[in-house]
Amino acid sequence: MNHPQHVIALDGGVLRRFDGESDLPEFFAVIEESLEHLRPWMPWVAEHSRAKTAEFLAGRAELWAIGREFTYAIVRDGAIVGTCSLFRRDDTPAEAREIGYWLHPAATGHGLVTRAARALAVEAFRLPGVECVEIVHDPANRASGAVPARLGFTEHRRRPAEALAPSETGEELVWRLTREQSLAWEQSERASTG
């Protein structure tokens, strides 16, 4: 079974696999500092606790091993500032993977999540059978929507969704990047950097 790289260098940061229990104190602190920033869009914030964070981290290794979810710490200047994941939900088509992300509010606005999502899209297309990558967010969450728009994803569809977080509208916007679009994006990027 193919898996993504464990560590991925980004311009201005690094994606690295979580290291279970040893990441707990720092990751928990980052979440604590980000709660008000995340609360409008992330339903899990309502049940946030040190125990839930420990449970989340403890489950990452098994999900990685079975190829269901590849979750990375986003690291800048040696400190965890958020997460980015490549995963497949029960209702995700077999040939698709989804990318999810969030950042500490102090780390936003520097393109870090855009570079992280781009790196995970590249990793996704290295996995056997993956033909497209999706980013799903509430249409009202414009910051999340800016990422796929910058990366050449196209709006694929809107679908009803249960509003579980305070600012959610009851709808999800699904962006999609196909393998062909990704190759065209890479060629365009290479041409522009000469």
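Q: Why is Trp185 called partly exposed?
A: The relative accessible area of Trp185 is 22%, and since buried means under 20%, exposed over 50% and partly exposed in between (1.4 Å probe, protein chains only), Trp185 is therefore partly exposed. This is a predicted model, in which local features need pLDDT of at least 70 and side-chain atom pairs count only at pLDDT 80 or more, while totals for chains, interfaces and linings use all residues. Residues are numbered from 1 along each chain as its sequence is written, and side-chain values use heavy atoms, with hydrogens and water left out.

Q: Where is Trp185 found, and which residues does Trp185 touch?
A: Trp185 belongs to helix 5 (residues 179–193), where helices (H or I, at least four residues) and strands (E, at least two) are DSSP runs numbered from the N terminus. Leaving out residues up to four places away in sequence, Trp185 touches Arg118, Arg150, Leu151 and Gly152, a contact being heavy atoms within 4.5 Å. Gly152 is 33 residues from Trp185 in sequence, yet their C-alpha atoms are 7.0 Å apart in space.

Q: What makes Glu134 count as buried?
A: Glu134 has a relative accessibility of 4% and therefore counts as buried. This residue of strand 6 (residues 132–137) is in contact with Arg97, Glu98, Ile99, Phe153, His156, Val174, Trp175 and Arg176, once neighbours within four places in sequence are set aside.

Q: Which residues line the largest cavity?
A: Glu134 is one of the lining residues, together with Arg89, Asp91, Thr92, Pro93, Glu98, Arg157 and Arg159. On a 1 Å grid over the protein atoms alone, a cavity is a set of points where a 1.4 Å probe fits but cannot get out, a pocket is an open set with protein on both sides within 12 Å along at least five of seven lines, and lining residues have an atom within 4 Å of a point. The largest cavity holds about 50 Å³ of space, and a search of the whole structure finds one cavity of 30 Å³ or more; grid points are joined across faces, edges and corners, and a volume is the space filled by probe spheres set on the points.

Q: How do you know that helix 1 bends, and where?
A: The bend is about 35° at Glu32, taken as the angle between axes fitted to the seven residues ending there and the seven starting there. The end C-alpha atoms of helix 1 (residues 24–38) span only 18 Å, whereas a straight helix of 15 residues would span 21 Å, the expected span being 1.5 Å times one less than the number of residues. Among the buried residues of helix 1 are Phe27, Phe28 and Ile31, and its buried residues pack against helix 2 (50–65), strand 4 (79–87) and strand 5 (96–103).

Q: Which element gives the most to the lining of the largest pocket?
A: Helix 2 gives the most, with six residues, in a lining of 40 residues of which Met42, Pro43, Trp44, Phe87 and Arg89 lie nearest the centre. The largest pocket holds about 1,200 Å³ of space.

Q: What volume does the second largest pocket have, and which residues lie nearest its centre?
A: The second largest pocket has a volume of about 390 Å³, and His37, Leu103, Thr108, Ala143 and Ser144 lie nearest its centre among 21 lining residues. Helix 4 supplies the largest share of that lining, five residues.
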